[in-house]
Amino acid sequence: MKLIDFLKKFWAEKNTLDRMIWGTLLALLVVVSSFSGYYYWDRYVHLGDQSPIELSVKELEGAVRNDPTDIDARLNLAQQYYDFGSYQSAINQCEQILELYPDTDGAMFITGMSYYRLQDLDLAVEYLSQFSKIRKESSTAYTDIALETSLYFLGETLNKLDRPEEAIPELLFALEIDFTDADAMYQLGLAYARTDQPQLAVEQFHQAVRFVPDFIEAYQGMINSYSDMNNAGMVAYSRGMEAYVFGEFEVSITHLVAAIEDYPEFAPAYVGLGLSYEKLDDLEKAEIYILKALEIDPDNFLAQNTLGRIRSLMDNQDS
Amino acid sequence: MSQNNEDNMEEKEDPILEDSIVISEEAEEALAEIQEEGNRKKRMWLLLLLLLLLLCSCGLFVRYLVQPEPLPDIILPFTGPGSELSYPPHYLFSIYGLSQPVGVTLSPDEQLIYVSESGDERLIKVFDRSGNPVNSFAPPDTTQGYRSPVYMDTDDQGQLYVTDRLQHSIVIYSREGKYLDSILGTDLLLSEFIAKHIQGNMPEEITFSYNIITRELKYKLQEDGEEFSLPDPDPAVWAPLGLWINKNNDVFITDVFEGQHRVLTFKNLNKVKFGRGEDFDPKPRSFGASGQNAGEFLYPNKVVVDSQGRYYVSDGNNGRISVWGDEFLYQFGRGTGDGALSLPRGLMIDDRDRLYVVDAVDHAVKVYDVSGDEPIFLFKFGNLGIDDGLFNFPNDIAIDSTGRLYITDRENQRIQVWSY
């Protein structure tokens, strides 16, 4: 009875209805937001999901805990930390290895690379130099991929530290191991440019774009070095190719035509024109310039490749 | 005179004016009451509407907690073939710790995930729903060189049936992974063969094993007892590959024995007491033959049946899905475009008659609506790669009632779990 009386009184109150509306609205909001949250959690979130690297790190951490003197396990763990982006943890593991076995070159390499990633460039140079020195003395140095990687990063870091004279021998060694490393060529070009050897610099930049035709930084390096040499024609070529890589094909044509005026027998400029006209769907002009490039340099691989592609496109258009 | 008249007029008009004022106040009160009543009614309707919404939301929440299905599937009724409900699932997570997984299935309560490996130890590995390892097992007395588990499924009792490409048999395990028996042919169980030779009832404690490659058939009457050998049965004339079990516990198998590619269907296999030496003569229905013509198969990988009783066979090396009723009906999947198939392998069908085809070479899962007279390609998901959500030679698929999909990603050494 008391409850009924209470309800009657409650209902008779002036604001009862409003209060009920607001109460229901609040309850509705709570239910809808709870359901939405639960639904999202249930359908889109999976707690504790671990990537293969995370699992591998866990496993190796266990191995190191079981036998802290196991150098191989520590080195593997350091490598996994590095791969996972935990550079300071990688350095910590390597420091423990180097404390016990100071000649462990693998630990030097991982430490150097980790310092490079952490942008502590002086320490990166220190460890990568130590590693490279040991490996250069090995009989397998000229087939050593890790050494090539170390030399490349050593060269790049020395360039960043404005020590291009020191970078040059390291990058030259890197290219002896892998003569197709366009990044090493570019860094070597930069080092030559900074040591006032623009002719040697542009040679490296040209080599780099032979392997990577859209290597924009190499074209920019060419622009700077040819400008230093006051060679307007080749600056125009470099600017043309830079514009081509940026997708500004009409601009690239203007520059490349100017380059040809100065260097009418320079095949790469004709290739650049052919490529630009191809992008502008003017296949007939593209073919003419590519044929001209092949007339000058019949072995130009990029021109041969482009000609095949253009003719295939022309055949498709005809059919 | 005129002044008097005006005074008289005023005298006459005043009471009327007063009356009208009184009436107007009453009217206003009445009007206010009416308005108040109108407002109250409006608010009552609003309250009712909110209460209804609250009730619906609570009902929906409880419905989802009891049977978690994708929200669109709960809210919108299925409207027929090619319904707008066709939306692709999203990647959820991966289960690692596997070596070249090929087959996947779920326990009847959907709490366990069984995965068969084709690399390393070639085990059946068991994971819980969150992807934590639970157990692993293999046929007794075999090493990895003598076994190759592929497709599998569970019956309503939780018994696991696994086809083995090297052993040319279907191996039966309990839910926990205890070896129970092997189906050595369309009319022969290993326990049945042993029971005939020992000429008596099979003791409860008997253990036995058979390796078709080494041709060693051994049994022990007691766990610690003497081991006996038997001459092995006649060579199997079948090579079971695909295996699927429907809700009635009928088992559908693809047989890829040389020159004898076909589909076999066994009725109510769960009624057989495996491991007890019972006579086994289920007289399966068989259809199809080896070849490339319509109605023929080249390495049929799996077979599933839709709600209308039509069989869908992933005709692997013919790059198509073959559809059968009592006779061959039609085939689809050849040609070009998103819906075209390259190397269809794993198959699965859900309650809405959506057919999931795992295309191993296209590194994707292709989904068709087969509820109508003709299949309608809905969408595909996946692409070649190693990142989350990308596949590298996927092989098989399992689906649970909550809308989760488990896909074996063979060369990425994982099971990918997707969800609607």
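1. In chain B, 4 strands make up an open sheet whose order is β2-β3-β4-β5, with antiparallel pairing; strands here are DSSP runs of E with at least two residues, helices are runs of H or I with at least four residues, and both are numbered from the N terminus. Two strands count as paired if DSSP finds at least two bridges between them. Because β2 (101-106) and β5 (133-137) of chain B each have a single partner strand, they stand at the edges, and one side of each is left without a neighbour in the sheet. On average, neighbouring strands of this sheet are turned by 20° against each other, direction ignored.

2. This is a predicted model, in which local features need pLDDT of at least 70 and side-chain atom pairs count only at pLDDT 80 or more, while totals for chains, interfaces and linings use all residues. Residues are numbered from 1 along each chain as its sequence is written, and chains are lettered from A and ligands numbered from 1 in the order in which they are written.

3. Within the sheet of point 1, strand β4 (residues 124-128) of chain B pairs with β5(B) in the antiparallel sense over 4 bridges. Ile124(B) has Phe137(B) as its bridge partner in β5(B).

4. Chain B also has an open sheet of 5 strands, in the order β6-β7-β8-β9-β10 and with antiparallel pairing. Its edge strands, β6 (149-154) and β10 (188-189) of chain B, each pair on one side only. Strand β8 (residues 169-173) and strand β9 (residues 179-185) of chain B run antiparallel and are joined by 4 bridges, and Ile170(B) has Ile183(B) as its bridge partner in β9(B).

5. How many residues does each chain give to the contact between chain B and chain A? Chain B gives 21 residues and chain A gives 18 residues, where two residues are in contact if their C-beta atoms, placed from the backbone, lie within 7 Å. On the side of chain B that touches chain A, α1(B) supplies the largest share, 14 residues.

6. In chain A, helix α13 (residues 232-246) packs against helix α14 (residues 249-262) at an angle of about 160°, with the axes 7 Å apart; axes are lines fitted to C-alpha atoms, for helices over the stretch in contact, and angles run from 0 to 180 degrees between N-to-C directions. That angle makes α13(A) roughly antiparallel to α14(A), a term used for angles over 145 degrees, whereas those under 35 count as roughly parallel, 65 to 115 as roughly perpendicular and the rest as oblique.
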